[in-house]
Amino acid sequence: MKLLFGGNMLNIQHLTKTYGEKKAVDDLSLHIAPGEIYGFIGHNGAGKTTTLKSVVGILRFDSGSITIDGTSIQDDPISCKSKIAYIPDNPDLYEFMTGLKYLNFIADVFKVSKEDREVRIKKYADIFELSNDLTQPIASYSHGMKQKLAIIAAWIHNPKLIIMDEPFVGLDPKAAHLLKGMMREVCDNGGAIFFSTHVLEVAEKLCDKVAIIKAGKLIRSGTMEEVKGDDSLEDVFLELEEENN
Amino acid sequence: MVKVLLGKQFAEIFRSYLYDAKKNKARSKLSTTLYFVFFAVLLVGVIGGMFTFLSITMCSPLSTAGMGWLYFAIMGILAILFGAFGSVFNTFSGLYLAKDNDLLLSMPIPVPVIMTSRLLGVYLMGLMYSSMVALPAVIVYLAVCRFSFATLVCGILFVFLISIIDLELSCVLGWVVAKISQKLKNKSFITVILSLAFFGLYYFFCFKAQTVITDLIMNVSTYGMAVKGKAYPVYLFGMMGEGDWIATLICYAVFGALFTLMWVVISRSFIKIVTTNTGSKTKGTKASFEGRSVQAALFSKELARFTSSANYMLNCGFGTLFIVVAFVAILLKGGTLASMISQMFGSTGAALIILLGGICCIACMNDMATPSISLEGRSIWILQSLPVSPYMVLAAKLKVQIVLTLVPVVLCLFAIAATVPCNAIQFILGGAFAMLNVNLMALFGIFLGLKMPNLTWTSELIPIKQSFSVMIALIGGFLFNAAFVGLYFLVGRKVGEVIYLCLAILVTAVLGFVLNSWLKNKGSRIFAEL
């Protein structure tokens with residue numbers, strides 16, 4: 001399906017970000033086309049979250065460029081942010097709001113019409129079995145419920161690109177399965193997904209492309225077949241980790 | 001273990017004194033020392049000085065009349081009230097709402113140790129405040145009336161007993177608030193109402209204090225005998241300061257027993273209250289999907305944050321209530337007050353300037369914009385990742401403070417117009433100054449909030465109440481308005497009220513413009529990079 005769409009949804013060129021002396025991301029380049037689910041894997045502290053936050057415009061980087069659907073995040077962050085959705089590794093949401101108020105707040109900021117937001121909220125809340133809890137304060141939600149709410153909030157404005165940091169953490173197996181379906185649906189409609197994960201089996205089954213990062217450097221990237229060949233992704237990942245030690 | 005936990009708590013309270021968020025590193029020893037010296041000068045010099053003066057006024061007359069115990073009873077009660085003012089609202093948040101309660105409970109730390117460390121924080125805060133009253137009272141007595149081993153030791157024990165009483169009061173109120181919070185909807189507002197009732201009583205007492213003290217000194221023997229006869233525990237409490245060992249023993253035994261009782265009650269309910277989900281489930285309301293503009297959504301979010309927390313409303317929104325009180329007071333007594341001021345200074349314009357300065361000083365008590373940046377905490381990623389400019393976010397934070405302050409200030413301005421003699425030009429200029437002043441204070445508050453952010457707090461009290469930025473915002477506001485009144489008497493009277501108000505408007509507008517420009521550029525960049 002992805003072959004139907006052309007161009008670059010996300011283009012990262014020579015991204016470098018340092019924290020003091022330490023290079024968190026070192027000259028990283030990759031691009032994601034519409035219709036692609038792109039997995040980003042690496043060990044803890046490899047630079048995944050820094051890359052994702054730079055893409056979303058939360059973190060300023062030292063050098064390189066990031067464009068989203070042809071627009072630079074540095075030159076026009078508002079336009080870029082209106083096309084994307086971000087789910088962080090830990091869903092720290094506004095605990096003083098109810099789930100519904102939070103979703104309405106996000107929908108207001110993205111200027112989603114009353115009709116569209118009603119349809120989408122009802123649809124995704126039903127899918128994740130959260131409908132009865134939407135009028136409760138977020139402070140009463142479990143970690144998994146907050147994660148589901150963050151996912152609904154990300155999907156509410158029909159984004160072109162969804163950036164997710166460890167999206168499956170905290171989700172029950174059914175919700176994780178549903179999320180995978182939703183991710184594929186976004187891509188089938190011309191959107192793109194860029195997400196980090198430690199669950200290599202999920203990445204292997206779900207992703208069209210994958211990038212492996214180590215100590216801030218991209219050590220391998222490409223289609224799943226190009227990266228893993230006949231081996232499992234886990235074997236390739238561990239082998240690359242060994243090689244680069 | 002208690003030491004470790006207490007160290008963690010104090011590191012958090014005094015974080016802005018020890019750590020420079022801008023440079024992301026620890027402050028130099030000199031810088032930290034200067035911060036602490038400033039804090040000490042403010043507490044000991046200003047507040048301690050005020051109570052030293054009161055002690056000097058009362059100590060000698062009462063002691064000479066053989067009523068030294070009454071002096072200690074009065075100062076002790078004042079110290080208890082002042083200490084409670086400083087610590088009473090810490091208990092609920094500090095003990096039950098700390099974000100790291102779950103983490104600490106999951107570690108091999110006995111519950112009493114966690115409680116002790118939390119309560120020690122509350123205790124030390126109460127001790128700090130109550131000592132500013134009790135310590136001058138004891139020192140003045142030792143210096144002016146009688147110095148002996150007994151008065152020295154019992155005096156010190158008197159100071160510590162007051163801090164224990166404060167802890168007990170704080171714990172009782174904290175426990176009651178926690179119990180209410182478990183059961184009720186709109187608990188923030190209920191907590192605010194309860195707290196306001198407490199404050200009302202407190203300020204009523206303070207308001208009446210001067211009259212009562214004067215009356216007391218005039219009729220010391222009559223009141224002394226009455227208190228001794230009808231409120232013997234108060235007599236015993238006062239006798240402690242005079243070096244009475246038996247009274248000291250009895251007071252410590254009684255309050256020690258009360259403390260044990262309080263400890264048992266709190267220990268029994270601690271885990272239950274802490275582990276009860278704070279966002280308790282409520283009856284579902286009808287779902288609404290109505291849309292709003294981006295600005296309205298951001299404003300509404302900020303307002304919801306403010307009204308969701310009793311601590312936030314009480315500590316940063318007190319000005320709104322006080323301005324309404326001032327409005328009623330000006331309506332009732334404005335004319336009398338204006339003629340008194342006019343007679344005192346021989347000019348009708350002085351009343352307008354003093355009342356304007358007074359209202360603006362009260363308005364400074366509203367400082368909700370200052371901690372609003374830090375209160376974003378770990379959810380700051382939401383605003384940073386949304387397609388809104390940082391300035392729009394900051395403007396929404398400003399707007400909450402401006403709206404909640406400006407509405408009652410405008411009411412006050414009309415009350416001034418109705419009661420204080422001034423012409424239309426003076427009124428318009430005065431009104432313009434007050435409004436620009438409210439705008440400036442909100443801008444100043446958010447400037448400080450951006451300069452000294454703390455996004456890693458574990459209790460919201462830290463950014464709301466215990467941060468350096470909040471203290472500077474309050475003091476800075478008071479000083480600015482004190483300067484407005486002071487400069488009037490130095491130069492304003494010579495140039496006339498109209499020209500003076502024009503100059504004040506110009507200064508306030510320029511400062512506001514500079515801060516707003518900073519916020520649009522540098523401030524927005526800082527927010528985006530937090």
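## A buried tyrosine in chain B

Y123(B) is buried, with 21 other C-beta atoms within 10 Å, and this places the residue in the buried class because the cut-off for that class is 20 or more. The model in which this is seen is a predicted one. Y123(B) belongs to helix 7 of chain B, which covers residues 111–144.

Among the contacts of Y123(B), leaving aside residues up to four places away in sequence, are those with S163(B) and L167(B). I165(B) is 42 residues from Y123(B) along the chain, and the C-alpha atoms of Y123(B) and I165(B) are separated by 9.6 Å.

## Chain B as a whole

Chain B is built with 23 helices and two strands, and of its 530 residues 44% count as buried. When contacts in chain B with a separation of 6 or more are considered, 86% of them are accounted for by residues 24 or more positions apart.

## The nonpolar cores

The largest nonpolar core has 161 residues, and the members that touch the most other members are I152(A), F194(A) and I359(B). For I152(A), once residues up to four places away in sequence are set aside, the residues touched are L103(A), I121(A), Y124(A), A125(A) and F128(A). Another core, of 61 residues, lies apart from the largest one, and C59(B), L119(B), A134(B) and V140(B) are among its residues.

Strand 1 of chain A (residues 10–19) and strand 2 of chain A (residues 22–32) pair in the antiparallel sense, with seven bridges between them. Within this pairing, L15(A) has L28(A), in strand 2 of chain A, as its bridge partner. The hairpin formed by strand 1 and strand 2 of chain A has two residues between the strands, and G20(A) takes a positive phi near 65 degrees in this hairpin.

## The six-stranded sheet of chain A

Chain A also contains an open sheet of six strands, in the order 6-7-8-3-9-10 and with mixed pairing. Strand 6 (84–87) and strand 10 (217–223) of chain A are the edge strands, each of which pairs on one side only, and from one strand to the next the twist averages 15 degrees. Inside this order, strand 3 (residues 37–41) and strand 9 (residues 209–214) of chain A pair in the parallel sense over four bridges, and G39(A) has V210(A), in strand 9 of chain A, as its bridge partner.

Helix 6 of chain A (residues 173–188) packs on the sheet, where it touches strand 3, strand 7 (161–165) and strand 8 (192–196) of chain A, and its direction makes about 140 degrees with that of strand 8 of chain A. Helix 9 of chain A (residues 233–243) lies across strand 3, strand 9 and strand 10 of chain A, and runs at about 30 degrees to strand 9 of chain A.

D208(A) is found in the loop between helix 7 (200–206) and strand 9 of chain A. With 19 other C-beta atoms within 10 Å, D208(A) is partly exposed, because a residue counts as buried at 20 or more such atoms and as exposed at 12 or fewer. I193(A) is 15 residues from D208(A) in sequence, and the two are 10.0 Å apart in space, C-alpha to C-alpha.

## The two domains of chain A

Chain A is divided into domain 1, made of residues 2–83 + 159–243, and domain 2, made of residues 92–157. The C-alpha centres of domain 1 and domain 2 of chain A lie 25 Å apart, and the contact between them takes 10 residues from domain 1 and 11 residues from domain 2.

On the side of domain 1 of chain A that touches domain 2, helix 6 of chain A supplies the largest share, four residues. The residues on this side of domain 1 of chain A divide into seven nonpolar, two polar and one charged.

## Where chain A meets chain B

Between the chains, 34 residues of chain A are in contact with 29 residues of chain B. On the side of chain A that touches chain B, helix 2 (77–81), helix 3 (99–109) and helix 4 (114–127) of chain A each supply at least two residues, and the largest share, six residues, comes from helix 3 of chain A. By class, this side of chain A has 19 nonpolar, seven polar and eight charged residues.

Conventions
Residues are numbered from 1 along each chain as its sequence is written. Chains are lettered from A and ligands numbered from 1 in the order in which they are written. This is a predicted model: local features need pLDDT of at least 70, side-chain atom pairs count only at pLDDT 80 or more; totals for chains, interfaces and linings use all residues. A nonpolar core is a set of buried Ala, Val, Leu, Ile, Met, Phe, Trp, Tyr and Cys residues joined through C-beta atoms within 7 Å. Two residues are in contact if their C-beta atoms, placed from the backbone, lie within 7 Å. Two strands pair if DSSP finds at least two bridges between them. Axes are lines fitted to C-alpha atoms, for helices over the stretch in contact, and angles run from 0 to 180 degrees between N-to-C directions. Ala, Val, Leu, Ile, Met, Phe, Trp, Tyr, Cys and Pro count as nonpolar, Asp, Glu, Lys and Arg as charged, and the others, Gly among them, as polar. Domain bounds come from an automatic or database domain assignment.
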